Amino acid sequence: MHISDGVFRDPRVWVSACAAAGGLAGVLLARMDAEKIPRVALCTSFFFVASLVHVPIGPTSVHLLLVGLVGIVMGRLAFLPILFGLVLQALLLQHGGLTTIGINVLTMGLPAYGAYWLFGLERHFGFKAAPFVFGFLAGSAAVMLGLLLLKSVLVFADEAFVGVAWTLVIAHLPLVVVEGLITGSAGMFLKKVEPRLLEARGA
Amino acid sequence: MHLPEIDKYAHLDSPLHRWDGRVKVACIAALLLAVVLAPTYPLALAGLALAVAMVALSRIPATFIFLHVRWVLLFCLFLLVVLPLTGGGELLWRLGPAGVSRAGLSKAGLISLRALAAVLLIFPMMGTARFHVTLKALRRLRVPSVVVQILAFSYRYIFVLFDELHRMLSAARARGHGRARRLRMFRNVGSMLGMLLVRSLNRTTRVYQAMLSRGFRGEMKTLDDFHLRPTDLVKGVLVAGAAVLLFTAGALA
Amino acid sequence: MSEIIFIENLSYTYPDGTEALREVSLAVAEGERIGLVGPNGAGKSTLLLHLNGLLQGEGRIEVCGISVTDGRLDEVRLKVGLVFQDPDDQLFMPTVFDDVAFGPLNMDLARPEVERRVEQALSEVDMLYAVERCSHHLSFGERKRVCVATVLSMSPQVLALDEPTTNLDPRHRRQIIELLRQFELTTLVASHDLDAVLDLCDRVVLLDAGEVVADGPADGILTDRALLEAHSLELPLSRQS
Ligand SMILES: Nc1ncnc2c1ncn2[C@@H]1O[C@H](COP(=O)(O)OP(=O)(O)O)[C@@H](O)[C@H]1O
Ligand SMILES: [Mg+2]
């Protein structure tokens with residue numbers, strides 16, 4: 001799901017994405033207390049380290065994304081760790097690109113808000129496995145939503161990318177399930193061990 | 001799993017290592033932009049040649065570079081296979097119901113050249129000084145202080161969390177979960193990451209307390225050692241000049 | 001005898017309802033080395049956080065004659081150097097230099113003075129050789145010593161350390177004890193390593209369930225088997241014979 005530099009013929013695509021992402025990040029940072037700096041930073045490290053974990057799927061392996069999980073615990077600020085995580089991935093691991101940061105963070109960061117909202121519904125359901133079920137939904141919906149956004153961006157940027165976009169979506173379908181399972185289990189764990197973290201997230 | 005070590009070769013000596021971090025980051029970033037914007041094959045090739053030359057100048061070993069660009073190579077390979085098969089238009093060869101489209105192949109090739117050139121430029125930019133020095137250079141280039149702070153802290157804690165995760169994974173393997181059924185494995189990985197997340201977020205309170213107790217009042221201050229010498233500017237003019245040339249040639253093409 | 005720390009009837013309850021401190025009173029004279037002992041969860045760390053106003057409970061607390069309240073926290077934090085239990089909490093900057101310079105830079109000192117203090121603090125803990133290193137490349141024992149330097153560089157009047165010897169191998173444990181013995185600062189050591197406390201401190205305060213249950217000479221308290229066992233502690237190894 002990480003688009004490399006140099007993919008787009010028309011620079012307006014990535015320039016406007018970078019501007020939009022920068023604007024959103026600017027607003028979030030300007031309204032953030034200094035007290036939240038370590039929280040955003042540690043969550044960025046978490047996002048980065050989790051993406052180093054590879055899980056085997058059939059003959060290949062995929063690395064985790066966990067934007068849904070970041071959304072669940074960070075709420076309103078979820079965009080920031082994903083942005084900084086992608087910057088560090090591009091600079092330290094050469095994963096993704098620099099000019100495509102805007103596109104990558106919009107396609108992965110916006111779905112994190114969807115995951116936050118979805119997992120929030122869990123409160124209204126009392127059954128024991130609710131955190132798993134809603135964690136699953138949040139985790140897989142975040143990836144699915146990200147894929148659909150990416151598909152739209154690619155096709156919007158260049159008609160010739162239709163085939164590429166669909167191939168990307170299909171290739172990532174197993175990840176949709178894996179992220180769901182992992183986010184569900186993590187959600188279950190959080191709810192059981194530290195429900196406080198889930199309550200504090202919006203603030 | 002392995003750690004990010006982009007600055008593993010920061011201790012070497014080369015014209016790029018000796019270059020003032022502020023000028024270096026700004027000029028190479030400009031070149032990277034020009035490369036990404038290259039609209040034709042000759043210009044993209046020129047960009048790639050410049051990138052390769054700068055990597056060679058930096059003395060960073062080729063094996064290290066190859067290991068680090070594998071994501072981008074994989075991405076290019078993917079485009080080189082899929083774009084020609086789905087590109088449509090005039091076909092070079094027929095392969096049963098599909099065919100290799102000329103436009104698709106040419107587009108995938110151009111993208112790959114630009115992507116490769118751009119990723120190669122990251123090495124002279126980020127790999128020739130320690131990462132924290134580069135962060136200070138970014139601060140001096142007017143990147144907002146809170147952004148640099150977050151990047152610096154995240155970088156520091158990547159190593160801490162990496163060790164924690166590594167310990168958890170080895171412990172899990174020792175308990176024999178390694179060969180358990182797939183679903184169970186995902187559940188374990190999920191709880192483990194949940195645990196890592198809980199620990200990290202609980203750590204944030206203590207880190208902030210440690211900052212406050214040493215007099216933090218919202219603005220982080222650091223010292224740096226940047227001195228501009230004439231050679232820094234000469235290098236800057238050369239690289240920025242190449243960027244401008246590439247860009248202008250692209251705009252005229 | 002002038003009192004450098006004065007605490008009277010300090011109580012603190014965490015937001016989740018845990019009563020961590022109850023009516024704690026304690027007076028520390030200048031130059032004293034005090035061991036704060038007690039089982040896990042006794043409230044030792046919570047008490048140390050109060051010395052810097054990082055937590056604020058009910059009761060009175062003064063450091064160097066300054067009352068620890070909102071208006072004067074900046075001053076108080078200059079007086080008390082707090083060393084946290086986990087060095088990875090305290091070393092949040094990318095390099096050792098940046099971490100040790102963090103305090104002095106927040107004091108708005110000029111660059112040469114900052115550099116002088118960093119050098120001095122690091123040489124006091126024998127870590128000057130690591131000044132340019134990244135914290136994550138240091139061993140646990142080395143990181144622990146750098147943590148001490150990060151507060152020494154602010155020239156505090158009081159050094160407060162939380163579990164300075166836990167997770168250290170015997171050699172590094174010895175090293176840090178020797179190091180702390182050299183300092184002439186007023187020192188508070190919260191620890192359940194009673195041997196270390198016996199080595200370091202003249203006076204011991206025994207805390208359990210948030211209350212001070214004993215306060216007196218180290219020799220008296222740390223040899224009282226019945227008292228220690230009543231509070232889930234064991235005699236120091238050197239006194240078990
Ligand atoms: N952040 C916190 N929130 C709620 N309770 C806490 C928190 N930190 C510590 N406690 C509780 O306060 C009590 C005292 O803890 P602490 O001061 O850490 O003890 P000690 O350092 O002596 O082991 C314990 O019961 C502990 O569980
Ligand atoms: Mg403690």
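The second largest pocket of this predicted model has a lining of 31 residues, and those lying nearest its centre are V87(A), L98(A), I101(A), L138(B) and V143(B). Several helices contribute two or more residues to this lining: in chain A they are α1 (11-30), α4 (79-93) and α5 (101-120), and in chain B they are α1 (21-36), α5 (102-126), α6 (131-140) and α7 (145-174). The largest share is that of α1(A), which supplies eight residues to the lining of the second largest pocket. The space within the second largest pocket comes to about 970 Å³, and its lining, sorted by class, consists of 25 nonpolar, five polar and one charged residues. Within chain B, both domain 1 (15-139 + 225-252) and domain 2 (143-213) are represented in the lining of the second largest pocket, each with at least three residues.

**How the chains meet**

Two pairs of chains are in contact, and of these chains A and B share the most contacts. Chain A and chain C, by contrast, do not touch, and their nearest C-alpha atoms are 9 Å apart.

| Interface | Residues in contact | Buried area | Share from carbon and sulfur atoms | Salt bridges |
| Chain B and chain A | 65 residues of chain B, 66 residues of chain A | about 5,800 Å² | 82% | one salt bridge |
| Chain B and chain C | 28 residues of chain B, 35 residues of chain C | about 3,000 Å² | 56% | nine salt bridges |

Between chain B and chain A, where the count is one salt bridge, the side chains of K107(B) and D158(A) meet in a salt bridge with an N to O distance of 2.7 Å.

The interface of chain B with chain C has a count of nine salt bridges. One salt bridge brings together the side chains of K136(B) and D98(C), at 2.9 Å from N to O, and another joins the side chains of R203(B) and D86(C), at 3.1 Å from N to O. The latter pair crosses between chains, from D86(C) in the loop between β6 (80-83) and α3 (87-90) of chain C to R203(B) in helix α8 (residues 182-213) of chain B. Over all chains, the count comes to 35 salt bridges.

Where on chain B is the most area lost to chain C? About 3,000 Å² is buried between chain B and chain C, and on the side of chain B the residues that lose the most area are R156(B), R214(B) and L223(B), which together account for 30% of what that side buries.

**The two domains of chain B**

Chain B is divided into domain 1, made up of residues 15-139 + 225-252, and domain 2, made up of residues 143-213. The C-alpha centres of these two domains of chain B lie 33 Å apart, and the contact takes four residues from domain 1 of chain B and seven residues from domain 2 of chain B. About 540 Å² is buried between domain 1 and domain 2 of chain B, with 77% of that area coming from carbon and sulfur atoms. On the side of domain 1, the residues F131(B), L135(B) and R139(B) supply 77% of the area that this domain of chain B buries against domain 2, more than any other three residues. How many salt bridges are found across the interface of domain 1 and domain 2 of chain B? The number found there is zero, whereas the interface between chain B and chain C has nine salt bridges.

Methods: Residues numbered from 1 in each chain as written. Chains lettered and ligands numbered in written order. Predicted model: local features only at pLDDT ≥ 70, side-chain atom pairs only at ≥ 80, totals over all residues. Heavy atoms only, no water. Contact = heavy atoms within 4.5 Å. 1 Å grid on protein atoms, 1.4 Å probe; cavity = no way out; pocket = protein on both sides within 12 Å on 5 of 7 lines; lining within 4 Å. Points joined across faces, edges and corners; volume = space filled by probe spheres on them. Helix = DSSP H or I, 4+ residues; strand = E, 2+ residues; numbered from the N terminus. Nonpolar A, V, L, I, M, F, W, Y, C, P; charged D, E, K, R; others polar. Domains from an automatic or database assignment. Buried area = accessible area lost by both parts, 1.4 Å probe. Salt bridge = Lys/Arg side-chain N within 4 Å of Asp/Glu carboxyl O.
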